[in-house]
Amino acid sequence: MIRVTGLRKRFGDNEILKGIDFEVPPQTVLGVIGASGSGKSTLLRCLNGLETINGGTIECDNVRLDASLSHSDYRRRVRDLRLKVGTVFQHFYLFPHLSVVGNIIEAPVQVLRTPKKKAETEAYELLESVGMKQAARRYPGSLSGGEQQRVAIARALAMHPALLLLDEPTSALDPRRINSLRALLRTFVDRGHTMIIISHSMRFLSGVADNVLFMDGGLVVEHGPTDEVMNSPKDARTKDFLTQAE
Amino acid sequence: MVLCTYVMYYNAQSTKYKAQSPMKITRPPIRLFCILCAFFWPITAGGQQALRWGADPSGGAPYVFTDPANPDRYIGYEKEMVDALARAMGRRAEFVPSDWETLVPSLQRGSFDVIVNGLEPTGDRAQQILFSNPYYIFQLQLTVRRDDDRIKSIDDCKNRMVGTLGNTAASRLLQQQGIPFRTYADPVGAYRDLELKRIDAVVMDVPAEAFYARSNSKLKPAGPPFTRGLYVIGLRKDDAALKAEVDSAINKIIFDGTLETILKKWGLWNDAQVEFQAPIRAGTATTKVEEYTPTTVSFNWAEALWRLTRAAAVTVGIALGSMVIAVVLGLPLAVGQWKGPAWLRLFCTLYVEFFRGTPVLVQLLFLYFGLPAFGIAMPGWLTALVGLGLNYAAYESQVYRAALEAIPLGQWEAAYSLGMSPLLAFRRIILPQAFRIALPPMTNDFVSLFKDTSVAFAISVWELATAYRELANASGQFLLLGLLVSAFYLAMSLPMAHLARGLERRLRDRALERVVEQEAAA
C-alpha cells in the first residue's frame with residue numbers, strides 16, 4: 001500500500017532522516033516507535049507532504065513522489081499524495097468555525113466536488129461508526145479531547161484515503177478511552193483500511209499494530225512483526241528503549 | 001509676555017509658508033493654531049493703549065494678508081486702515097490672526113476688541129454684537145469660467161452650484177434666492193474649484209474678486225457688480241464707549257482723506273465710495289447702517305434641522321463608502337504584507353506606514369487640491385470618501401494581518417492534509433476564523449471612521465461638522481446646535497456599534513451555547 005525507499009530529510013545542515021526504507025502491506029497497521037528526536041514526527045510530515053523531501057521516494061497507491069522531481073511536478077504530486085494519505089494530528093486541528101458535520105464534509109465538497117447531500121449522508125455514516133452521530137451539529141469547541149479525536153478520524157476517512165496516519169493518538173486519552181480507540185481502529189482495519197500509527201505507548205501498539213518499526217537517529221533500527229520486536233528485539237538500542245518505555 | 005511674543009513670532013513664521021505654497025496643505029492646521037493662540041492671548045495684553053483687532057489673514061487679500069514679499073508681516077487695505085484708525089484714537093494697533101467663521105464668537109469671548117474684516121451688518125449678527133458706522137461700500141461680483149456662456153447673471157444660477165465664502169452677505173443672498181451653493185473658507189479655494197469645474201460660478205465681494213479672479217485668464221466676470229452693502233467694524237455688545245471712539249475715528253479718516261488715499265492705493269476707490277463719503281466729508285451726515293443692509297436672514301430652526309439632516313445623510317454616505325473601500329482594500333494589503341514576495345511586502349508596508357504616519361487631514365487636502373495637477377479632480381464628497389477609505393484600509397490591513405497571524409499553523413496543515421489548495425484553505429478555513437478575531441477592532445475603527453468624516457469640512461463638504469460650524473456661526477447657538485449635532489452622531493454610531501456587537505456575540509456564542517446544551521443534557 002505504501003512503500004518508502006531511501007527517504008532523506010534535512011533542515012539546513014541537520015539531517016533528520018538519513019535514508020528510511022519500509023513498506024506497509026494493505027489492511028495492516030504499522031506502529032512507529034522511537035525516542036523524541038528520533039525523526040518519527042518528521043517521517044509522518046514527509047508522508048503527508050507537509051515537509052519537502054530531500055532524497056528517496058514515497059509510493060502510495062499509484063502516486064509516486066520522488067525527491068528528484070522538478071519543483072512544479074513535485075507540487076502537483078504532493079497534492080495527489082495528500083489525497084491518498086489522511087492524517088489525524090496529535091492536536092486534531094478541527095476547524096472551530098464549522099460544526100462537526102461541517103468539518104467532515106468540507107474537504108469532500110470543496111476538493112472532491114462531492115454533492116453536499118451525498119457528502120452529508122456519508123458523514124453521518126462515518127460519525128455513526130466512530131460513535132459521534134449525536135454530536136453532528138455541535139461545534140468542536142464544546143467537544144472533549146476524545147470526541148474531537150473521533151471527529152478528526154471521521155474527517156480524515158471522509159476523503160477515502162488509501163492510508164491513514166495517526167500522530168500520538170493516545171496522548172489526550174485516559175486508559176478507558178485508549179482501549180476503546182484501539183477497538184475502533186481495529187474495526188477500520190478489518191474494513192480494509194491501512195494505517196501508520198506513531199506512538200510512545202507500547203501497550204497501545206501491541207494491541208493494534210501488525211508490525212512495528214523502531215527508529216533511532218534518523219534511521220530504521222528494527223522493523224518486524226509486533227510480537228517479535230516487542231518480545232525478542234535484535235538490536236541493543238531497541239532493547240534499551242523497550243525496557244525504559246514500560 | 002515672553003510667551004506671547006514667542007507665539008506671535010511663531011505665528012508669523014508659520015504663516016509665511018502658506019502664502020507661498022499653492023497647495024494650501026498647511027492652512028487649516030495653522031488656522032487652528034491661530035485660533036488656539038487667540039484663545040491663550042492674555043486679555044490685558046498691551047493695556048489701554050492697544051486696539052486689538054481680529055481678522056482672517058489666510059486667503060485674505062486685499063483686506064489683510066501675509067505680504068508675499070516679506071512674509072514676516074501682514075499687509076492689506078484694512079491693515080492700513082486700522083493703523084490709521086488707531087493713530088486717530090491714540091492707540092496702538094495689534095493684529096490677532098483668527099478664523100473668519102469664528103470671528104464673532106472669538107470677539108465675544110474677548111480674544112480681541114474689534115472685528116475688521118469686511119464684516120457686513122446683518123440682522124442676526126446685530127443680535128450678538130455692535131456695529132460701528134460703515135467705512136466701505138462693497139458690491140458683489142459673479143465669476144464664471146472663460147469658456148462658459150450659459151451664465152450671464154445670478155439669475156442663471158438657479159440650478160447650478162455656486163461657490164462663495166461662508167457666512168457672508170453673498171452666501172445669505174444665495175440662500176435667500178434658493179440657489180444651491182457651497183461655502184469655502186477662502187476665495188482661493190472657491191476660484192480653484194471653479195477652474196476645476198467642481199462648481200459653476202463664484203459670487204464674491206468685489207475687493208476679493210478683483211484681487212484673486214480678475215487676473216486669472218481661465219475665469220471671467222459675468223455681468224456687472226450687483227447689490228450694495230456695507231463693511232462695518234464689529235464690537236462687543238457692552239462696548240459702547242469703544243464704539244463711540246471707533247465711530248469718530250472712522251469719521252476722522254474719511255474727513256481728512258486718509259481712507260481715500262488707502263483705497264486708491266489698493267484700487268478700491270470707485271463711484272460708490274464717492275457717493276458714500278460725500279455727505280461725511282461735507283460734514284452733513286453719517287450713513288445709517290440700516291439704509292444699506294442688503295440681505296438679512298433670521299435664523300430658521302426648521303430649515304436648520306433640515307440642513308443638519310441632509311448633512312447627516314452625507315456623513316453616513318461618506319462613512320459607508322469609505323468603509324467598503326477600507327474593508328475590501330485592507331485584505332489584499334494584509335495578505336501582501338504577510339505572505340507576498342519581497343517587493344509586494346515592501347509596497348504594502350510603505351502604503352501602510354504612509355497612510356498611518358501622516359494626518360488624514362493632510363491626505364484629504366492633497367487629494368483635493370494636489371491631485372488636480374495630475375488631471376484628477378474629484379468632487380469634495382468623493383475625495384473624502386476615497387481619502388478616508390484609503391486611510392482606513394491601512395488600519396484595517398493591520399487588524400486583518402494580526403487576525404490572520406493569530407490562526408494556528410495547524411489549521412493550515414489540517415486543510416493541506418485534506419487536499420486543499422492554499423487559496424481554498426485561506427478562503428474556507430483561515431479567513432472565516434480571522435474574521436471573528438478581527439471583528440471587535442474593526443467595529444472600533446468604524447465608529448472612529450464615522451467621526452473622522454468631520455475632517456471633510458476642510459474641503460468644503462457639507463457634512464455634519466461643517467453644518468455645525470456654519471449654522472452655529474450664523475445663529476450663535478453653539479451650545480444647542482452642538483448638542484443636536486452630537487445627538488445626530490450618536491444616533492448613527494450607536495446602532496452601528498450595537499449591530500457589530502450583536503454579530504460578534506452570535507459568532508462567539510455558537511460554540512458556547514453548545515457547551516451549555518451539552519452540560520444540561522448530561
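Start by selecting helix H1 of chain A, residues 40-47, which is mostly covered, with 7 of its 8 residues buried. Buried here means that 20 or more other C-beta atoms, placed from the backbone, lie within 10 Å of the residue's own. Helices (H or I, at least four residues) and strands (E, at least two) are DSSP runs, numbered from the N terminus. This is a predicted model, in which local features need pLDDT of at least 70 and side-chain atom pairs count only at pLDDT 80 or more, while totals for chains, interfaces and linings use all residues. Residues are numbered from 1 along each chain as its sequence is written, and chains are lettered from A in the order in which they are written.

Show side chains on H1(A). The buried residues are Lys40(A), Thr42(A), Leu43(A), Leu44(A), Arg45(A), Cys46(A) and Leu47(A).

Next, colour chain B by secondary structure: 20 helices and 12 strands. Of its 522 residues, 42% are buried. Taking contacts (C-beta atoms, placed from the backbone, within 7 Å) in chain B between residues at least 6 apart in sequence, 75% join residues at least 24 apart.

Now go to where the chains meet. Here 21 residues of chain A are in contact with 19 residues of chain B. On the chain B side, select H17 (409-417), H18 (422-452) and H20 (478-521), each of which supplies at least two residues. H17(B) gives the largest share, 6 residues.

Finally, colour that side of chain B by residue class: 9 nonpolar, 6 polar and 4 charged. Nonpolar covers Ala, Val, Leu, Ile, Met, Phe, Trp, Tyr, Cys and Pro; charged covers Asp, Glu, Lys and Arg; the others, Gly among them, count as polar.

Note on methods:
Contact = placed C-beta atoms within 7 Å. Buried ≥ 20, exposed ≤ 12 C-beta atoms within 10 Å, placed from the backbone.
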